[in-house]
Amino acid sequence: MVAAAISFPLPEPARKIDLFRNPHALAFFDGIESRWKGNEEFALLLIRRLRPKTTVDLGFDKGLSTLIFAYQNLGHVYGIDWFESGKYAEKSFALDSAMNAIAQAIRFNYAKNVHLIIGPFSDVSKTWKKKIDLLHIDSSSTYTALKRHYENWIRFLNQDGVIWINDLIAYPNEAGRFFHEIPFPKVVLPQGRGIGIASHNEALLKEISERFS
């Protein structure tokens, strides 16, 4: 199965209120605490362009990235996390925050296509069956952890699927170094803390580079 391809280009960047379609949704997402903030607009445009059947979000933390990917109800979004780092109380708070945010998003019809999986990423990968159109790896910014997650999940990526790595600018010797070693065509964007997008879909990378670099 190959990732869905569509003919129209990435839309021009728009005001956040336009992308979220209503001010209540905008306020809801702005209220979710997350270091992932700053990536929302690009994520919404990318999902609109890709129209993925399966998105995997490795490291959903308090739920913002998973819900943003799911907001347009395109395909199915799987948020996976094990909260490997941090103290027990911090991990419990993050999980509770994510569950509450996702429950509220479903209640208000902001997202209906979210699936949460709690477990070690490597264990989940052993029983995973679906091909992936968008693989977002955001559980850690360290070189070693990113490489491990990539090696466990890359076999599921569709031929023209997309890999998204964060924190390239914030951690150039860790996340940045790992991203540049991925054997795919790629582009680096300044949004958020530095977004890395890798894919064999070079037409998509060209669109992204021209509009967001």
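Which residues does Ser 140 touch, not counting residues up to four places away in sequence? Ser 140 touches Ala 145 and Leu 146, when residues up to four places away in sequence are not counted, and a contact here means heavy atoms within 4.5 Å. The legends below return to this residue after an overview.

The structure shown is a predicted model, in which local features need pLDDT of at least 70 and side-chain atom pairs count only at pLDDT 80 or more, whereas totals for chains, interfaces and linings use all residues. Residues are numbered from 1 along each chain as its sequence is written, and side-chain values use heavy atoms, with hydrogens and water left out.

**Figure 1. Overview of the protein chain, with nine helices and seven strands.** Helices (H or I, at least four residues) and strands (E, at least two) are DSSP runs, numbered from the N terminus. Of the 213 residues of the protein chain, 51% count as buried, where buried means under 20% relative accessible area, exposed means over 50%, and partly exposed lies in between, with a 1.4 Å probe and protein chains only. The accessible surface of the protein chain comes to about 9900 Å², and 52% of this belongs to carbon and sulfur atoms; the areas come from the Shrake-Rupley method with a 1.4 Å probe, and for residues only the protein chains shown count as cover. Among the contacts in the protein chain with a separation of 6 or more, 71% are between residues 24 or more positions apart.

**Figure 2. Helix α3 (residues 40-50) packed with helix α9 (residues 202-212).** Two packed helices are described by the angle between their axes and the distance between the axes. For α3 and α9 the angle is about 150 degrees, and the axes are 12 Å apart, which makes α3 roughly antiparallel to α9. Axes are lines fitted to C-alpha atoms, for helices over the stretch in contact, and angles run from 0 to 180 degrees between N-to-C directions; those under 35 degrees count as roughly parallel, over 145 as roughly antiparallel, 65 to 115 as roughly perpendicular and the rest as oblique. The crossing of α3 and α9 is right-handed, a crossing being right-handed if the near helix is turned clockwise from the far one by less than a right angle, and left-handed if anticlockwise. On the α3 side the contact involves Phe 42, Leu 45, Leu 46, Arg 49 and Leu 50, which meet Leu 204, Glu 207, Ile 208 and Phe 212 in α9. By class, the residues of this contact of α3 with α9 are seven nonpolar, no polar and two charged, where Ala, Val, Leu, Ile, Met, Phe, Trp, Tyr, Cys and Pro count as nonpolar, Asp, Glu, Lys and Arg as charged, and the others, Gly among them, as polar.

Figure 3. Leu 46, which lies in helix α3, counts as buried at 0% relative accessibility. Although Leu 46 and Ile 208 are 162 residues apart in sequence, they are 8.7 Å apart in space, C-alpha to C-alpha. Arg 51 is placed in the loop between α3 and β1 (54-58) and, at 37% relative accessibility, counts as partly exposed. Most residues other than glycine have a negative phi, but Arg 51, which is not a glycine, has a positive phi of about 50 degrees.

Figure 4. Thr 66 counts as buried at 0% relative accessibility, and, not counting residues up to four places away in sequence, Thr 66 touches Asp 57, Phe 60, Val 77, Gly 79 and Val 114. Asn 73 counts as partly exposed at 33% relative accessibility, and its phi is positive, near 55 degrees, in a residue other than glycine.

**Figure 5. Ser 140 in the loop between β4 (132-137) and α7 (143-153).** At 19% relative accessibility, Ser 140 counts as buried. Ser 140 and Asp 167 are 27 residues apart in sequence, and their C-alpha atoms are 9.2 Å apart in space.
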